[in-house]
Amino acid sequence: SVPGWLCSSLSRARRLIRPDMKPRRLADFGQEAVCRQARATLNLLAQGHVQALLRSFGLRYVSSEGEQAVEQERALTAAARSQSWRRAVALLSELCARQSALGDASCSAVLSVLARVGHWRESVRLFGALQGDGLTLGLSSNNALIGAFARGTQWTSALSWLAAMQQNPAGMPRPDRVTYGAVVGACARGARWQVAIALVQDMGSPGSVGLSSAALGAAVTAQERSSQWHWSLLLLQRAQSAELANTVIYNAAISACASGAQWEHALSILADMHHRCAESSVISFNASMHACAASAVWAHSLLVFGQMRQHSVRPTAITYTALANAFSKGQLWEASVALLSDMEAGRVVPDIVCCNAIVTACAHGGEWQVVLELLLESKRLGLKPNLTSFNTALSSSGAGTWEVVVHLLQDLRSEELQPDVVTYRNATSALLRGSDMAASIACFREAEESGLGGSRLHSRGSVFDFHDLPVEVARAL
């Protein structure tokens with residue numbers, strides 16, 4: 001029997017699928033569509049303007065009703081594959097209106113495309129509307145429903161639907177490996193790493209559906225998002241023993257090691273990929289470099305970068321961000337700045353995250369003038385500096401004057417950004433390091449007026465750390 005907590009969760013999932021409020025049937029689903037264009041399309045269908053609608057979709061007319069239904073179902077599947085969800089829903093409505101025999105593949109295609117483009121709730125409601133029209137939905141549609149739950153991080157609903165399929169009530173299809181993989185994916189999105197492991201164990205138990213690469217990859221991803229790098233290694237070993245390890249699983253395991261600053265394990269997995277002739281991707285190298293950067297072993301990051309070129313893998317902005325972070329930990333600001341020239345030579349377009357990493361490296365090296373030049377360079381590259389850019393620049397501007405700090409604050413506001421706690425703290429500290437006590441006090445007062453500063457030194461809610469300030473400054477604040 002199903003445990004009580006699972007029955008309760010299943011009941012909640014069913015209420016999502018068959019809510020008391022509309023829509024209950026497919027026609028109602030059309031009237032409740034979230035997009036105005038979708039409502040107009042379905043209204044055309046309701047008014048009988050089917051030919052005009054089909055003509056606008058560029059569909060081919062055929063002689064018989066049966067052939068027309070087949071042609072429309074093919075068009076429906078093609079629309080779903082191209083992520084044209086409005087067209088797919090309209091065609092599905094037409095097929096149901098004609099009471100055509102719908103294939104499960106067509107229904108699941110529409111359900112899946114709705115979830116992929118961010119309309120997972122509509123996918124769930126459409127599932128209920130199809131059932132309300134008396135359609136018997138098969139395994140593919142049920143798997144698509146669980147995939148929609150995963151997109152919405154509804155891991156309890158996904159787990160409950162799996163339990164219902166295992167009980168097989170009223171002819172529900174039995175779950176397969178795809179079903180389990182979708183549920184594990186939902187748990188990965190919800191960071192439920194323990195549940196993901198339990199599902200993988202259930203899959204591998206005697207008489208069960210058996211393991212799959214998709215489920216193992218999702219389980220490793222769940223460990224990565226929960227910083228459970230040791231479990232990722234165990235799952236990788238299980239995938240290898242079952243000969244199911246692929247690039248996705250390897251990359252997820254490396255990323256899990258990176259999140260736990262386990263650079264040695266990350267490089268070991270990367271080497272194992274090459275030894276087993278598994279295809280390494282740019283993600284494999286980037287994750288390995290991030291692991292080295294997190295552990296402050298910049299030399300190993302550079303070695304991985306060299307291996308990347310040996311394997312003819314084209315670096316990305318993320319690659320150079322990892323290198324800049326590693327150089328920052330090693331106080332190698334000159335090497336970080338040199339990355340911009342290397343990116344230009346390799347025709348790699350930097351993003352603001354990459355530029356911020358280089359700015360941080362220069363800030364850690366105390367090169368505040370270079371930091372200001374890099375901010376200007378990022379604008380010349382067509383990038384919009386964000387709050388992190390200015391906060392980092394303020395943290396390095398103490399060697400300058402109060403004019404530099406004021407200029408940065410003005411520039412920050414000109415970019416339509418709002419200062420935060422870090423902004424005021426860095427600005428105040430920079431002014432103090434420049435021996436401009438009056439300006440630092442004024443900056444702190446501005447933070448107070450913005451509701452971001454503590455009112456007194458003894459205030460428990462103060463956001464500033466006054467331990468390193470001169471006594472007279474602390475008393476003034």
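Visitor: At roughly what angle do the axes of helix H15 (residues 247–259) and helix H17 (residues 282–294) cross?
Guide: This is a predicted model: local features need pLDDT of at least 70, side-chain atom pairs count only at pLDDT 80 or more, and totals for chains, interfaces and linings use all residues. Residues are numbered from 1 along each chain as its sequence is written, and side-chain values use heavy atoms, with hydrogens and water left out. Helices (H or I, at least four residues) and strands (E, at least two) are DSSP runs numbered from the N terminus, while axes are lines fitted to C-alpha atoms, for helices over the stretch in contact, with angles from 0 to 180 degrees between N-to-C directions. The axes of H15 and H17 come within 8 Å and cross at roughly 10 degrees.

Visitor: Is H15 roughly parallel or roughly antiparallel to H17?
Guide: The two axes cross at roughly 10 degrees. Angles under 35 degrees count as roughly parallel, over 145 as roughly antiparallel, 65 to 115 as roughly perpendicular and the rest as oblique. H15 and H17 are therefore roughly parallel.

Visitor: Which residues of H15 make the contact with H17?
Guide: Contact means heavy atoms within 4.5 Å. H17 contributes Ile-283, Ser-284, Ala-287, Ser-288, His-290, Ala-291 and Ala-294. From H15 come Thr-247, Asn-251, Ile-254, Ser-255 and Ala-258.

Visitor: Is the crossing of helix H12 and helix H14 left-handed or right-handed?
Guide: The axes of H12 (residues 193–204) and H14 (residues 229–241) come within 12 Å and cross at roughly 20 degrees, which means that H12 is roughly parallel to H14. A crossing is left-handed if the near helix is turned anticlockwise from the far one by less than a right angle, and right-handed if clockwise. The crossing of H12 and H14 is left-handed.

Visitor: How many of the 13 residues of H10 are buried?
Guide: Helix H10 (residues 155–167) is mostly covered, and its buried residues include Trp-155, Trp-161 and Met-165. Buried means under 20% relative accessible area, exposed over 50%, and partly exposed in between (1.4 Å probe, protein chains only). The buried count for H10 is 10.

Visitor: Which residue of H19 has a relative accessible area of 0%?
Guide: Helix H19 covers residues 317–329. The residue in question touches Val-282, Asn-286, Met-289, Phe-305 and Met-308, leaving aside neighbours within four places in sequence. With a relative accessible area of 0%, the buried residue is Thr-319.

Visitor: How far apart in space are Phe-327 and Ala-361, C-alpha to C-alpha?
Guide: Phe-327 also belongs to H19, and at 4% relative accessibility Phe-327 counts as buried. Not counting residues up to four places away in sequence, Phe-327 touches Trp-298, Leu-302, Leu-332, Ala-335, Ser-336 and Leu-339. Phe-327 and Ala-361 are 34 residues apart in sequence, and their C-alpha separation in space is 6.7 Å.

Visitor: Does Ser-312 count as buried or exposed?
Guide: Ser-312 lies in the loop between H18 and H19, and has a positive phi of about 55 degrees although it is not a glycine. Ala-296, in the loop between H17 and helix H18 (298–310), has a positive phi of about 60 degrees and counts as partly exposed at 44% relative accessibility. At 67% relative accessibility, Ser-312 counts as exposed.

Visitor: How many helices does the protein chain have?
Guide: Of the 477 residues of the protein chain, 49% count as buried. The protein chain has 0 strands, and its number of helices is 27.
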